[in-house]
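Visitor: I am new to this structure, and I would like to understand how its descriptions are reached. Could you take me through some of them?

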Amino acid sequence: MAPSPAVLTRLLCAGVWRRPSFLQKATPGPAGLNGRTVSGAQVPVVSEPQDDDDLQSRILDVPLQHSDFFNVKELFSVKSLFEARVHLGHKAGCRHRFMEPYIFGNRLGQDIIDLEQTALNLQLALNFTAHVAYRKGIILFVSRNRQFSHLIEKTAQDCGEYAHTRYFKGGLLTNAHLLFGPTVRLPDLIIFLHTLNNVFESHVAVRDAAKMNIPTVGIVDTNCNPCLITYPIPGNDDSPQAIQLFCKLFRTTINRAKEKRRQMEALHRLQSSRGSEGSETSAPDKSHSP
Amino acid sequence: MAAPCVSWGRALSRRLSHAVRVSLCQRPGYWTTSATDWQAGPRSQVLKLIHTTVVTSKKNVQASRQESYTEDFIKKQIEDFNIGKRHLANMMGEDPETFTEEDVDRAIAYLFPSGLFEKQARPIMKHPEQIFPKQRAIQWGEDGRPFNFLFYTGKQSYYSLMHEVYGKVLQLEAHRGLLSEKTESKDLIGSRWLIKEELEEMLVEKLSDQDYVQFIRLLEKLLTLPYGPAEEELVQRFRKSVTVQSKKQVIEPVQYDERGMAFSTSEGRRKSATAQAMVYEHGSGKIHVNGVDYLLYFPVTQDREQLMFPFHFLDRLEKHDVTCTVSGGGRSAQAGAIRLAMARALCSFVTEVEIEWMRQAGLLTTDPRIRERKKPGQEGARRKFTWKKR
């Protein structure tokens with residue numbers, strides 16, 4: 001699912017995306033990428049970009065050449081999603097019309113979510129999250145389910161990102177300059193672990209993020225509206241196991257991406273110091289296994 | 001640039017307009033993302049034209065008012081205060097090094113005498129921290145990332161506190177089966193929870209009543225579980241000890257007359273009557289007022305009962321002798337004044353617990369009621385002139 005042009009423009013200006021060439025270059029690797037396979041195989045080594053005058057652009061451009069630079073596929077599988085009960089939806093009466101493409105079927109009145117599509121969407125979403133974290137973006141975890149509020153806040157704290165599982169004040173995103181101050185920085189990505197609020201209506205932040213051109217990743221259950229969410233992940237948001245799995249996945253991805261960024265920066269700092277000493281620049285080790 | 005009417009891209013217009021409008025307050029450096037130049041004009045064409053709400057300058061005043069006390073401003077105020085204090089000490093002829101707050105207050109009251117009734121309207125000279133409300137420093141760093149992980153909720157201190165306490169509750173509930181000892185709640189006696197205003201002051205954040213109630217409920221829940229010293233310390237942060245009132249009661253020293261009899265003197269007032277009473281420790285219950293026996297001085301039983309009340313309350317009716325002088329007021333006022341004087345004098349012969357009982361019975365409190373003045377246009381203090389229909 002490609003991000004909308006509005007999102008692209010915003011990301012362009014935020015420096016997250018340099019050019020949309022990523023979309024054209026999404027070539028599958030040798031492991032035969034499919035949502036279902038658990039690929040422990042390494043993502044292929046890509047040829048080094050020719051221009052090495054701007055090290056900064058190298059740090060930012062290189063990850064965009066790959067379809068799965070951070071190898072998020074290995075973090076989950078359809079089986080692990082099944083064991084975490086991600087496929088369980090609500091009853092057929094609660095079904096949202098726009099969730100019908102994602103539903104596999106109905107058993108004894110309960111909707112079952114298609115885990116193959118979930119895996120695909122989850123991989124895209126995790127990849128996107130990793131890229132945002134790699135580029136030092138602000139990630140905000142939003143949920144209004146009181147059962148998992150503490151867990152989500154802890155997850156955010158562990159990643160070094162931000163969480164909002166409390167009462168959402170009206171103009172938080174749209175009126176942030178007055179609420180916080182004129183130079184506040186808004187989140188660059190919002191992750192919804194529960195798209196609905198306590199009265200089973202769509203969370204206000206979904207609409208506000210779309211208004212403010214902030215990309216969103218969200219776990220949509222069968223009674224949720226996936227329309228305004230940039231990277232919806234159809235899945236169960238009511239079981240503790242499912243939410244724990246998702247929290248773990250997001251935490252691992254973000255930490256991995258940040259670690260990768262530190263490594264790349266250290267590598268390039270080393271390279272530039274070696275270059276300034278006048279010694280020959282050796283080809284850097286470009287193994288992408290995280 | 002008369003910016004507000006034009007709606008360009010969200011962040012850019014605000015930034016440009018703010019640069020013009022808000023020039024008085026100091027602003028921290030912009031955070032920069034990697035390699036993009038925000039300030040450049042041509043960039044604005046890349047952003048799509050979206051309709052933004054028109055932010056008029058009136059609404060923006062609120063944000064600038066919050067920023068008006070910058071750190072440098074407060075620092076300068078503190079320096080000025082310290083210099084002013086030294087000048088004041090020199091003016092009063094005192095040592096600037098040992099010039100305390102009370103000395104400052106006294107000096108100001110002397111130099112600027114004011115007849116205003118409202119104490120807060122009189123000239124004051126206090127440390128700037130007591131005058132300017134506590135402000136929050138900027139909550140994010142150079143790169144724009146906020147420091148607290150709950151920054152985007154709006155009430156970061158309150159919610160992070162709730163998060164912390166709830167985490168402790170979960171932890172204790174998980175370990176509840178292992179340790180079943182219950183610590184005594186003796187540490188909580190004589191202390192109360194912080195009130196909402198005190199909590200707001202502590203967190204430097206506005207709270208609603210429901211927030212406060214939820215917080216106290218969570219702490220109470222924590223107290224029902226078996227908690228250790230770490231949790232005890234956390235709870236004590238939000239408890240305030242209640243000072244026992246009777247400790248403030250001034251106890252008269254016991255004096256001895258030429259015959260070696262122990263007695264204690266005290267004063268009392270009621271309406272416009274003043275009395276001085278001398279209560280002897282050992283006696284037979286005789287009371288002399290202005291040289292005469294109280295049976296003669298107070299013919300009315302009610303007044304005599306008032307005099308007997310403190311002794312009757314402590315079961316010491318015929319154990320003390322009293323000599324007192326009284327002037328002013330009427331019969332009832334004089335009786336009340338003597339009663340108060342006697343009760344105060346009795347405090348020196350009586351235990352602390354009994355003093356607390358007397359205080360709770362109202363024997364040690366000066367009755368503040370005085371005669372209300374007559375107002376013009378009325379016959380008395382409250383009575384109006386007869387209303388005539390025509």
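Visitor: Why is A:Leu108 called exposed?
Guide: In this predicted model, A:Leu108 has a relative accessible area of 74%, and because exposed means over 50%, the residue counts as exposed. A:Leu108 lies in the loop between strand 2 and strand 3 of chain A, two strands that form a hairpin with two residues between them.

Visitor: How do you know that strand 2 and strand 3 of chain A pair?
Guide: Pairing needs at least two bridges, and strand 2 (residues 103-107) of chain A and strand 3 of chain A are joined in the antiparallel sense over four bridges, so they meet the definition. A:Gly105, for instance, stands opposite A:Ile112 in strand 3 of chain A.

Visitor: What makes the pair of A:Phe141 and A:Phe250 edge-to-face?
Guide: The ring centres of A:Phe141 and A:Phe250 are 6.1 Å apart, with the planes at 75°; since a pair needs centres within 6.5 Å and edge-to-face needs planes over 60 degrees apart, the pair is edge-to-face.

Visitor: Why is the pair of B:Phe263 and B:Tyr280 called tilted?
Guide: Their centres are 5.5 Å apart and their planes at 40°, and because stacked requires under 30 degrees and edge-to-face over 60, the pair is tilted.

Visitor: Why does B:Tyr280 count as buried?
Guide: Its relative accessibility is 16%, and buried means under 20%, so B:Tyr280 counts as buried; B:Phe263, with a relative accessible area of 8%, is buried.

Conventions. Residues numbered from 1 in each chain as written. Chains lettered and ligands numbered in written order. Predicted model: local features only at pLDDT ≥ 70, side-chain atom pairs only at ≥ 80, totals over all residues. Heavy atoms only, no water. Buried < 20%, exposed > 50% of the residue type's maximum accessible area, 1.4 Å probe, protein only. Phe/Tyr/Trp six-rings, centres within 6.5 Å; stacked < 30°, edge-to-face > 60°.
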